[in-house]
Amino acid sequence: MGDQNIYLSNIKRSVLVVDDEFINREILGGILEDSYEVLYAEDGQKALQVIEEQGPLLSLVLLDLRMPNMDGFEVMKQMQQDVVFKNIPIIVLTSDESAEIESLKMGAADFIKKPYDMPEKIMARVKRIIALYEDRMIIQSTEKDELTGLLSKSYFFEYASLQDRFHPNRSMDALTVNVSHFHLYNELYGVQEGNEVLKIIAKEMEKFANAHEGIACRSEGDNFYLYVAHQAGYEVFLDDVIAAITGDTTVHNTQIRIGINSEVDKSESLEMSFERARMAGDSIRESQKEKIAFYDAKMRQQRMFEETLIRNIVDAIINGEILVWYQPKYNVEEDTPRLVGAEALVRWNHPKYGMLSPGRFVSLFEENGLIQVMDEYIWGQAAAQVKTWKEKFGVTIPISVNVSRIDIMDEHIVETICNIADSAGIDRKDLHLEITESAYASDTENLVDIVAQFQKEGFVIEMDDFGSGYSSLNMLTVLPIDVLKVDMRFMTNLMEDEKSLRMMELIKEIADFLNVPMIAEGVEEKEQMDILKKMGYQMIQGYYFSKPVPKEEFENFIKG
Amino acid sequence: MLTVEDLKSYGANVDEGVARCAGKEELYLRLVQKVLDDEGFDILAETILERDYDKAFDIAHRLKGAVSNLSLTPMTIPIEGLTESLRAREERDYSQDVKALREAKRQLEQLINTNERVF
């Protein structure tokens, strides 16, 4: 095995012997069985079945070429076409030298001639090819962290995943280890002493990892990762680390913070397992007392909650659990406020969790793209509602809907929204599209282009959350916008804070300069409204008038 | 019970065969007896008679692999000749080779039958 495989040297790997001749299979099995887990297949088809079942757990395939049903060449071809199987090395078993070149071309790693060489030679070849391929898999650059000698982060993850492959049932803990306020160490004690602390931590971690079937790495700065067989507690480990630092350096009162994801869920990626450990560690960042934090029931519960929502969303739409509520927008330019539109806002009436506001699920669905499914549904509902109210009351209430930056990444987005408006039978200008200001910050060019297309197709574009800090004034001149919306919740205490007041005035001046109307949302009190009205804000939305309400209730506003 | 001494007297390169089985004498003896159960010997003769050389080659090639791995020299010599001719799909008289293979197999069977079969 390669030097770097010391972490895996005790693992009994699986080898598949494929040959239609029983005698040959048995002889190879006899040679290999003491050192390897030997699996057998008598033709190509059966070989592929075993490969399918074993997946990346298979370390090598010893493959005869001439076989009934499916020959060895076809097996190689099919393995090459699979992202996982193509990384399993193949040694071809053949008495036919002329087949060697073609086999090599098809990805064979080596040959064993028939009649077989002596067992020692076969064993050496098998061992060498497995080591070669595993080393290749464990990334090309076999770097270690220069300062501490621990594994580098990427190397660490490769090894950890290999360990999991070979020991799928071993219960493992993922730990993050940090030094609290390490950034001060260099100033307080000097760079050399700071580095010394990191080296001591690394040494203790390696010692612990070696004793507990694990591995350790320094991910960056003062952040370390440890992946070890499950332990009941880590207090002794923590004490050892601190004692070593105190004993060997001038640094005193070092505070080490350990985040633990105990008995990781192996169906998740390792990166995610460590992310959860980090979350646990971060939860005690400010605590003076707590040094060890477990990824706990509350955090786990949040994860379960998120997973449930992800699983339920499609059915929720079908079952009518996703509700579209409406919040009125009033024009306040005259003495009597006049209803001029509504914003469609989502609620989820979840059978288990009750009524959920968008804050509980929108960013989750933005992360995994499910927001598109939900948004399309809301757009359709809103468009239909414009039509219904027009028929029922003879007035047009334009409704604005949110369009996420994730939605905009969809190349068919313009077509989709056009179809929704058209098939509802409404005028496109009555469906306002709210695009968050922050969306303009990433991939500006594409977004400006898409928004311009919407505008050209007749939709009204409202820039949401304006002033929350992303746009440069320069960019504002190129953005296709019809309305600017500013959320009062971003303003701290408008009545007393001079800076917030000035900001609201400035935003209004920008809107005037761009010649677009302003909507202030999140307005809760009469005083706020009076100030905004005085500043020249034309439209107001917020609890002062009404919270978001179901469509039936909203009809009271239409009736006046 | 069949012994390595019997097989040596038969002409097999027993040392080589056993070494190939990782020194496991018991495995070697078991496989030698197992190879005789192979229906391929009979089918090979039939397919050659029917001049179905494609099928005959497949069988000969497989049997050659088995007997040569066991170093059963008396069988290896005729089966090698057959395999190479069949690989080239030669139109020739195969009867001598088939007969030699049968005879070698018969001698081995006789050797085993005079002993007690393990399996």
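In chain A, A:Leu62 stands opposite A:Ile91 in S4(A), and this pair is a handy way into a model that is predicted rather than experimental. Local features here require pLDDT of at least 70, side-chain atom pairs count only at pLDDT 80 or more, and totals for chains, interfaces and linings use all residues. Residues are numbered from 1 along each chain as its sequence is written, chains are lettered from A and ligands numbered from 1 in the order in which they are written, and side-chain values use heavy atoms, with hydrogens and water left out.

Strand S3 (residues 58–64) and strand S4 (residues 90–94) of chain A run parallel and are joined by four bridges. Helices (H or I, at least four residues) and strands (E, at least two) are DSSP runs, numbered from the N terminus, and two strands pair if DSSP finds at least two bridges between them. S3 and S4 belong to an open sheet of five strands in chain A, with parallel pairing and the order S2-S1-S3-S4-S5. Strand S2 (37–41) and strand S5 (110–113) stand at the edges with a single partner strand each, so one side of each has no neighbour in the sheet. From one strand to the next, the twist averages 25°; axes are lines fitted to C-alpha atoms, for helices over the stretch in contact, and angles run from 0 to 180 degrees between N-to-C directions. A cis peptide bond joins A:Lys114 to A:Pro115, with omega of about -10°.

Chain A also holds an open sheet with mixed pairing, its five strands in the order S7-S8-S6-S9-S10. Here the edges are taken by strand S7 (215–220) and strand S10 (292–294), each with a single partner strand, so one side of each is left without a neighbour in the sheet. The twist in this sheet averages 20° from one strand to the next. Strands S6 (residues 172–179) and S9 (residues 256–261) of chain A run antiparallel and are joined by six bridges, with A:Val179 opposite A:Ile256 in S9(A). Helix H10 (residues 270–282) of chain A packs on the sheet, touching S6, strand S8 (223–229), S9 and S10, and its direction makes about 135° with that of S9(A); contact means heavy atoms within 4.5 Å. In the loop between S6 and helix H7 (185–189) of chain A lies A:His181, which has a positive phi of about 55° although it is not a glycine.

Attention now turns to the partner chain. In all, 23 residues of chain B are in contact with 19 residues of chain A. The two chains bury about 1800 Å² between them, 59% of it on carbon and sulfur atoms; buried area is the accessible area (1.4 Å probe) that two parts lose on being put together, summed over both. On the chain B side, B:Arg20, B:Arg62 and B:Asn69 lose the most area to chain A, together 29% of what that side buries. Five salt bridges are found across the interface, a salt bridge being a side-chain nitrogen of Lys or Arg within 4 Å of a carboxyl oxygen of Asp or Glu. One salt bridge links A:Glu33 with B:Lys24, the closest N and O atoms being 2.9 Å apart. Helices H2 (14–20), H3 (25–35) and H5 (53–69) of chain B are the elements that give two or more residues to the side touching chain A, and H5(B) gives the most, with nine residues.
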